[in-house]
Amino acid sequence: MAVVAHPAPRSPRAREIRRHALIYAGLFPFLVIAVFPVFWMAITALKQDPDLYRMDVVPFWFHLPPTWRNFDFLFHNTFYKDWIINTMAISFWVSAITLLTAVPAGYALARLRLPFAENLGIGIFLTYLVPAIILFIPLARVVSTLDLQDSWWSLVVVYPTFTIPFCTWLLMGFFKTVPFEIEEAAMVDGCGQLGALCRVVLPVSWPGLITAVIFSFTLSMQDFLYALAFVSISEQKPVPLGVATELIRGDVFFWGSLMAGALLVGVPVAIIYNLFLDKFITGITGAAIK
Amino acid sequence: MADLSAGGSASPGTSLSVPVGGRVRGLSWWRTPTARRYLFGYTLLAPAVLYVSLLVGIPFLFSLYLAMSDAAVGDPVARFVGIANFQAALENATFYTALRNTLVFTLGAGIMKGLLGTTLAFLLLRPFVGRKFVRALIVIPFTLPIAVSVLGWKWMFDSQFSVMNWGLHRLGLIGGYGSPDWPIWLGQPGLALLSVMFVNVWRGFPFSAIVLLAGLTSVPPEIIEAAKVDGANFIQRFRKVIVPMIAPILFVGTAFDTVFTLSDLSIVYLLTNGGPDGATEILPTLAYNTGIKAGALGRGAAISLFLFPLLLPAIIVLLRTLRRRQY
């Protein structure tokens, strides 16, 4: 350790306090910028309408009692309930398709020493980088050929195009960390390769499987373009699209309900994503850290 | 029988019966443990490969075909029109506006995200009380579904009840509503482009910071200590030691962010839909409005394909970083 000679040597404790103060001061603007919009959305969702449109008072708190009216409106005057059910159903099917395809693929790429495994893995991962904006027009044709236009089922078909590549890559990394010995032991006990996979490897891999499900959900929730392009019937929409397109009548914005509807789904998604964020970062950068 | 030697040298880690030369020669190749492992492996891979080929690979090729046809919504017959759609795009002034805005948007927002992300990563690098909590709060913009947070910004950019204008007015920096210096964030051309870029930066800076942080924590502290002992100051350590070591992860992070930014439609679509007067028109909104809203699938596909050369550098960087890892 390099010892820096200070004119007036401070105690380690004082130095720690100083360091903390500097860090907090540096982080403060970032924190405000990151959190304020959420606070603002939340307070908007809970305000009565007249309280929303006043510029003469400090807007950061209530001047009329808070209300649940905006949430009531969502559930009684809009298709919000349907949107939540659609979102859940989409997430369920997308997760199922992703698990059924990405788990075997990730396992094969990580463990079976196939020729071209590395290139195949990279190839699958690269498809994650082909953006929706290039694919949505040809996929519109696919969706209409399958006769799924204007149904949330079209999104079940389309979302795996990004969840499968991402989760295959993620699970490939995950399966590499499972020790070979447990499979060998299983095969000594008479399991075939499939048996070893199902009975021994998968049970110890549940954290990876849960991560794959979480990302099937959170990545699906980040989509806007596919939903916008393929689903235009109100009661078939997923939440983000529904909130963004159905709560505006001409030029009139129902700001309170808009914010309520956005946050009610946004906050849980943000919390779940937050808990798994490191896995997401490892997923996409893991290849670069060695 | 070249396959056999290739298979044998791959030394099956999972199969237990080590093939003895004599036995292998007695069986046909496809009954060897290696062959069965390959068969098993490719069977496991097939669903994912098929799905991705059918719904990413083929549609991508199909978009090339569409771009060269006059396909339209509701018109089942598409005629081949060659490069007419690309030519039409290149003769359209809006296209150049969109292209320029796309470049300004991506580059400008990218630089801001890099600067803010770097600052934030260094602030979060060393342990302090409440670090995990602070980090969880700061990544909120990245974790909120994008359509959700953009709606929040739309409300904050409201022409009359913008909370930011309220603050600026109270600070005495701008006049009241209706006065000439009252900014209408999404209604004035220059401001509108800045606003949509700002939302992109707001959403992306936590990602840059976290990626950079992941890189920084992967640098062994001994190396930095060694550089310190050798007399390198902070800037030198950063440029000569840290950056080269974390270059791969920086490339990957930048590549991802560039792809997301270039191809994201939701911010502009929800905030301004390209307006006012094309000031925020970007290639994704132009492609969507042409292809889906106006129903000219071929035209839309051609416009979205113009994004591909812009995406290509990012994809190549990523590919090279990924492949270098093998050796």
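Of the 290 residues of chain A in this predicted model, 46% count as buried, and in chain B buried residues make up 41% of the 327 residues. Chain A contains 15 helices and two strands. The radius of gyration of chain A is 25 Å, well over the 19 Å that the globule rule gives for 290 residues, so the chain is more spread out than a compact globule. Along its principal axes, the C-alpha trace of chain A spans about 75 × 75 × 35 Å. Among the contacts in chain A that join residues at least 6 apart in sequence, 75% are between residues at least 24 apart.

Chain A is divided into domain 1, covering residues 14-55 + 62-67, and domain 2, covering residues 82-249 + 266-285, and the C-alpha centres of these two domains of chain A lie 34 Å apart. In chain B, the division is into domain 1 (2-67) and domain 2 (84-324), with 41 Å between the centres of the two domains of chain B, taken over C-alpha atoms. The secondary structure of chain B comes to 16 helices and zero strands. Of the contacts in chain B with a sequence separation of 6 or more, 66% are accounted for by residues 24 or more positions apart.

The predictor gives the complex an ipTM of 0.87 and a pTM of 0.86. The mean pLDDT of chain A is 86, with 94% of its residues reaching 70 or more; within chain A, confidence is lowest in strand E1 (residues 248-249), at a mean of 76, and highest in helix H7 (residues 153-158), at 94. Chain B averages a pLDDT of 84, and 90% of its residues score at least 70. Over residues 1-24 of chain B, however, pLDDT stays under 50, and for this segment the model has 31 contacts beyond four places in sequence.

The contact between the two chains takes 86 residues from chain B and 86 residues from chain A. On the side of chain B that touches chain A, the largest share, 18 residues, comes from helix H3 (residues 33-67) of chain B. By class, this side of chain B has 66 nonpolar, 16 polar and four charged residues.

The largest nonpolar core has 167 residues, of which Phe136(A), Leu151(B) and Leu271(B) touch the most other members. Helix H10 (residues 189-217) of chain B contributes the largest share of this core, 15 residues. When neighbours within four places in sequence are left aside, Leu151(B) is in contact with Val243(A), Ala244(A), Leu258(A) and Ala262(A) of chain A, and with Leu270(B) of chain B.

A further point of detail concerns Gly117(B), which is placed in helix H5 (residues 93-125) of chain B. Gly117(B) counts as buried because it has 23 C-beta neighbours inside 10 Å, where 20 or more are required. Leaving aside neighbours within four places in sequence, Gly117(B) is in contact with Phe205(B), Ser208(B), Ala209(B) and Leu212(B).

Two residues of chain A stand out for their backbone geometry. Phe116(A), found in the loop between helix H4 (80-111) and helix H5 (117-127) of chain A, has a phi near 70°, a positive value in a residue other than glycine. With 10 other C-beta atoms within 10 Å, Phe116(A) is exposed. Asp150(A) likewise has a positive phi, of about 65°, although it is not a glycine, and is found in the loop between helix H6 (132-145) and H7 of chain A. Asp150(A) is partly exposed, with 15 other C-beta atoms within 10 Å.

Key: Residues are numbered from 1 along each chain as its sequence is written. Chains are lettered from A and ligands numbered from 1 in the order in which they are written. This is a predicted model: local features need pLDDT of at least 70, side-chain atom pairs count only at pLDDT 80 or more; totals for chains, interfaces and linings use all residues. Two residues are in contact if their C-beta atoms, placed from the backbone, lie within 7 Å. Helices (H or I, at least four residues) and strands (E, at least two) are DSSP runs, numbered from the N terminus. Ala, Val, Leu, Ile, Met, Phe, Trp, Tyr, Cys and Pro count as nonpolar, Asp, Glu, Lys and Arg as charged, and the others, Gly among them, as polar. A residue is buried if 20 or more other C-beta atoms lie within 10 Å of its own, exposed if 12 or fewer, and partly exposed in between; C-beta atoms are placed from the backbone. A nonpolar core is a set of buried Ala, Val, Leu, Ile, Met, Phe, Trp, Tyr and Cys residues joined through C-beta atoms within 7 Å. Domain bounds come from an automatic or database domain assignment. The radius of gyration is taken over C-alpha atoms; the globule rule is 2.2 Å times the number of residues to the power 0.38. pLDDT is the predictor's confidence in each residue, from 0 to 100.
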